[in-house]
Amino acid sequence: MRPGDSRAPWTPPVNVVLVGCGAVARSYYAPALAQLLAGGWVGAVRLFDLSPARATKVAALLPAGAVAPSWEAVLEGREELAIVASPPVAHAEQVRALLEHGMHVLCEKPFAPDRAAAESLVDLARERGLLCAVGMVRRFSRSACLLRQLLSEECPTRLVWHEGSPFHWPVDSPAYFAPEAGNRLLWDIGSHVVDLLIWWLGVPHELACRDDAMGGAATNCLLELAWPDGCSGEVRLSREYDFAGGLVVERPSGVLACRDVAEADVLRASHEPAAPDFEQRIPGSPAPAGRTFLDCLELQLQNVLGAVRGVAPLWAPAEDVVEGVGALATVEAGSRLLESPWLSRRELDSARALRAGACEVASC
Amino acid sequence: MLRVAVIGANGFVGSRLVEQWHLEERADVVPVVRRPGAAAAVLRFGLDCRVADALDERVLARALAGCDAVVHAGAGPRTFVTQSPACVVRAAAKAGAHTVVYLSSMAVHGWQARPGTDEATPLPRRHPVSYNRWKVRGERALSSACRDTGTRFVILRPGIVYGPRSQWIGGFARAVLEGSAYVVAGGRGACNAIYVDNLVHAVGLALEREGAAGEAFLVADDDAVTWRMLYEPVCRALGRSWDAVADLAPRAPRPTPGERLLALTDDPAARVMLDRVPRALRKPVRRVAVRRFAEESPPDAPRRPTLETSILQTCGYRFPTAKARRLLGFAPPVAFDEACRRTVAWLDFAGYPVAGAARGPA
């Protein structure tokens, strides 16, 4: 059963406001919300974007989607749940304002720029008795849930995770890659990877980062991790290369591999599925954990809607993500140059100098 | 410092040119890409990247504003290859850039060129591989636009460009890993290879040397490299034996009727005609075409190389680079062994499973 095919097991439907109508809203949230509207999970949907034209375009994808005329109109609205899918730099401020105005929030990752900001938002939600969830959509995948179980049964000794592809996201301008936006590769893809690793194995006691930004935005990134129980790991992220390898986990009893945690099976070294009968219930949804990205997104929304109605606990609450946010902020600040091994000596010297210069500017 | 726009800055040669010239402070580089997302790789340097389609003269002229010279390293389908060179020249002239360096290809001479062929040899009009024909048309349109606008131009005709980010290398490595890699006639044909840094070096000379204006230059490495010499280090790096690479027999150097039919879909005029075929007839036409293909390649038929690969890998002629040496002072700075070392290092960086012994120091 696909999550989108199900009817809401409770009434009344939840009214939602979608904040930010860029590519994520257009490509993912609008189709998912349309499904949930049809299934009675969601009632009215309003949309807000700094560009009313963009909001109108996304509204057209939803039956009776209305556009909020201003940010103030969003804050004064009667929706119970706000979904924040705006540019990352605006997340923390918008989440704070929405919580202060009494709305439950589901925020796209990263929901805060550092640990302190993340903790203060979690505290605020707790004080107000509101829900604050983060879009860690991969936690809703069958493979992520299965790996969590398998790795809790037997500690891994080593894991290698390669994830990346040439950048195809429909950005509006090269300003998306402005160095002021920080290491977006780390925060975009790395957020998911680090969140899952912490979910499965706990917080690593060593975490180091190298990236290839030389006065601009990183295209390639390498994370090296170690856990107190002896497991070590390497995560390679790229916006330039097709990394088909996915995740490979070594355990004393054998290797597990998963090409794509959101969409592919977990396999043993024999290439057979690791646990064909495994099924994970997601609280609030009649469907089990997903096998496609879109299923996972719908499951996440059903879980949050169920939590708003008080019938399910959050599967990815913000307090679970605080450690990951803290880890990413720390490694980003201490990241060193990931050197390109095909450069000449002269180029390498220049690359190091550019990197050092960029770090000085950043610390100023 | 010269301000140089690089069209196709996200491509294989363009991205290396941007990287090297920026890091070596050889020029103030302005990357030009077709869509904003394509800027991802070059923007790790925080450069002033501009977005323009090389077929849109007005937008491109705006993107080239303030540039002294333009390097056209863009690649694309037929329309792009044939029309963008002239469009780039006109846009450069409008923007006030004084020089255009165009990266053409040795392919304009055909890979079955007669011994003695050089830059002075008239380019053949007919080529069995469409890309070669398009490149000839692109060169001609560029020269004509330069004469009309009074723009200084230099055409470089590199052979097989290899190195970090090369499809020749990455594509072959993928094929090795999938077990589908092959060479034709033992890979003994002349590869006419040029390491990407050596090509970038030639581009720099083309911009600088006065005597280069209005000329075309064949450029290749000093080393006489065969296809096997190019590909064997890739196999070794991946821990595979050369025996894992199939050795296929060459095929007749002309397209089959099926390949001709497929090539039609790239022809704008034929496309217009095809689009006029009533929808109801398209399925039966496709069925006939598929049957025709099936007749050509029965399931038990021996494996056959693509036409282009067969022609490329049976090339018996090493194109001369004497003119480039004489007028440009071209001497490739990176030797083949070092080029292979850097290329394998890139394979490792790009996530290919390079075997332990082939990995460099961390």
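Student: Which strands of chain A does helix 9 (residues 318-333) lie across, and at about what angle does helix 9 run to strand 8?

Tutor: In this predicted model, helix 9 of chain A lies across strand 8 and strand 9 (220-226), and runs at about 50° to strand 8. Angles run from 0 to 180 degrees between N-to-C directions, with axes fitted to C-alpha atoms, for helices over the stretch in contact. Residues are numbered from 1 along each chain as its sequence is written, chains are lettered from A in the order in which they are written, and local features need pLDDT of at least 70.

Student: What makes strand 8 (residues 206-211) and strand 14 of chain A a pair?

Tutor: Two strands pair if DSSP finds at least two bridges between them; two bridges join strand 8 to strand 14 of chain A, so the two strands pair. They run parallel, and R210(A) has R336(A) in strand 14 as its bridge partner.

Student: Why are strand 13 (267-268) and strand 14 (336-337) of chain A called edge strands?

Tutor: Each pairs on one side only, and in the order 13-12-11-7-10-9-8-14 of the open sheet of eight strands in chain A they stand at the two ends.

Student: How do you know that chain A touches chain B?

Tutor: Two residues are in contact if their C-beta atoms, placed from the backbone, lie within 7 Å, and 34 residues of chain A are in contact with 23 residues of chain B. The largest share of the side of chain A that touches chain B, four residues, comes from helix 10 of chain A.

Technical notes. Predicted model: local features only at pLDDT ≥ 70, side-chain atom pairs only at ≥ 80, totals over all residues.
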